[in-house]
Amino acid sequence: MTPKIARFLEQRTDDLPCLVVDLDEVGANYRRLAAALPTAHIYYAVKANPATDILRLLVDLGSRFDAASRYEVDQCLEAGAAPEVISFGNTVKKKADIAHAYGRGVRLFAFDSQAELDKLAEAAPGSRVFCRIQVPSEGAEWPMARKFGCSVEMARDLMIDAARKGLEPWGISFHLGSQQTDPSRWDAAISRTAMLFSDLRDAGIELGMINLGGGFPARYRDPVPEIEAYAVAITQAMTRAFGNALPEMVLEPGRAIVADAGVLDSAVVLVSRKSYEDNTRWVYLDVGKFGGLAETDCERIKYRVSSPRHDGVAPLETGPVVLAGPTCDGTDIMYEQVDYRLPLDLDAGDRLRFMSAGAYTTTYSSVGFNGFPPLQTYCV
């Protein structure tokens with residue numbers, strides 16, 4: 001909770017849930033990552049939080065952008081980004097959306113299949129392309145290993161075919177999962193990618209870029225390594241794998257840039273028990289899985305939750321709670337297995353705040369489920 005966010009929340013006059021983002025913290029997070037890995041190009045993952053003020057700030061700081069849809073491409077351009085610094089990084093795209101991005105000047109595209117490569121050859125002729133390979137995502141709290149990427153053997157053949165089709169085979173990408181808590185995981189993935197670089201060089205394809213993905217973590221309930229630890233691990237792994245002939249390095253951070261800069265403010269709607277014998281209270285909030293807290297699915301992302309009415313009050317008697325959302329959907333339960341404890345006198349109307357909620361909250365908020373409006377964002 002930064003002083004700017006605290007002042008904004010103190011002055012609020014409505015009681016709707018909202019996300020408040022401190023732009024100074026966004027800028028500080030970006031600069032810290034850029035300083036830790038100065039030879040890498042940062043492509044901010046727009047899907048983490050596409051608020052216009054955030055995009056404009058990052059444009060001013062010299063960021064590049066990883067867009068997952070034609071709409072994110074347009075948002076970046078409208079925020080002032082040049083098309084040359086936008087990567088269309090989703091490997092699943094409609095041909096019309098590829099053509100749209102190409103028509104607006106984007107020339108860097110991801111793929112991981114023959115069918116996607118064929119679409120790129122038709123709709124984005126001459127563009128630079130990079131192929132995403134599958135890597136394990138152990139150590140990540142939000143795994144991404146199954147849906148995206150292809151085998152190294154397939155990637156080799158696809159990159160050779162990309163050259164035949166008039167595209168520029170530019171690089172290889174991978175993603176070790178979001179909220180990756182183990183910096184050493186980059187070592188094996190970089191080594192595997194370097195071998196693919198060598199195989200393609202033998203086939204006459206000289207690649208120029210390695211996309212190291214995102215995955216850099218935010219500070220939720222459990223401690224995580226500092227970003228400098230990731231920079232050291234990546235730098236050492238790159239040197240071991242490539243020696244002095246380092247390719248261009250690309251990073252795609254989202255969570256690490258905006259998560260810790262945001263606080264989600266919510267209200268308690270109801271506190272109840274399910275039986276006379278049950279000591280665990282059910283705390284229902286005006287925000288839930290469908291209102292921005294989708295990453296609590298399977299209780300993977302564990303936000304720090306605070307009660308501002310009780311901040312600084314000690315000793316404080318607390319008890320176990322289940323945290324649930326306001327909708328009429330039985331899956332709208334954020335935390336039931338993880339041990340969350342809140343003050344015993346918590347009551348309807350009290351505020352609860354989710355810390356480090358600046359990423360993957362507003363973009364996951366539904367539009368109108370049960371009639372609830374989407375989560376509002378304020379940048380301060």
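Mentor: A crossing is left-handed if the near helix is turned anticlockwise from the far one by less than a right angle, and right-handed if clockwise. The model is a predicted one, in which local features need pLDDT of at least 70 and side-chain atom pairs pLDDT 80 or more, while totals for chains, interfaces and linings use all residues. Residues are numbered from 1 along each chain as its sequence is written, and side-chain values use heavy atoms, without hydrogens or water.

Let us start with helices α8 and α9. Helix α8 covers residues 185–202 and helix α9 covers residues 227–242 (DSSP runs of H or I, at least four residues). Their axes, which are lines fitted to C-alpha atoms over the stretch in contact, come within 9 Å and cross at roughly 30°. The two helices are therefore roughly parallel to each other (an angle under 35 degrees, on a scale from 0 to 180). The crossing of α8 and α9 is right-handed. On the α8 side, the contact (heavy atoms within 4.5 Å) is made by Trp186, Asp187, Ile190, Ser191, Ala194 and Phe197. On the α9 side, the contact is made by Tyr230, Ile234, Ala237, Met238, Arg240, Ala241 and Phe242. By class, this contact of α8 with α9 has 10 nonpolar, 1 polar and 2 charged residues; Asp, Glu, Lys and Arg count as charged, Ala, Val, Leu, Ile, Met, Phe, Trp, Tyr, Cys and Pro as nonpolar, and the others as polar.

A second pair may be set beside the one just described. Helix α4 (residues 70–78) and helix α5 (residues 95–103) have axes that come within 9 Å and cross at roughly 15°. These helices, α4 and α5, are therefore also roughly parallel to each other. The crossing in which α4 passes α5 is left-handed. From α4, Arg70, Val73 and Asp74 take part, and they meet Ala96, Asp97, His100 and Ala101 of α5. The contact of α4 with α5 has 3 nonpolar, 1 polar and 3 charged residues.

Leaving aside residues up to four places away in sequence, Glu72 touches Val46, Lys47, Asp66 and Ala67. The C-alpha atom of Glu72 is separated by 21 Å from that of Gly262, which is 190 residues away along the chain.

Cys298 and Glu299 both have a place in the loop between β13 and β14. Cys298 has a positive phi of about 60° although it is not a glycine, and Glu299 likewise has a positive phi of about 60° without being a glycine. Cys298 is exposed, with a relative accessible area of 56%, whereas Glu299 is buried, with a relative accessible area of 13%.

These parts belong to a protein with 10 helices and 18 strands (E runs, at least two residues). Along its principal axes, the C-alpha trace of the protein spans about 70 × 40 × 35 Å. Of the 380 residues of the protein, 54% count as buried. Residues 24 or more positions apart account for 69% of the contacts with a separation of 6 or more.

Conventions. Parallel < 35°, antiparallel > 145°, perpendicular 65-115°, else oblique. Buried < 20%, exposed > 50% of the residue type's maximum accessible area, 1.4 Å probe, protein only.
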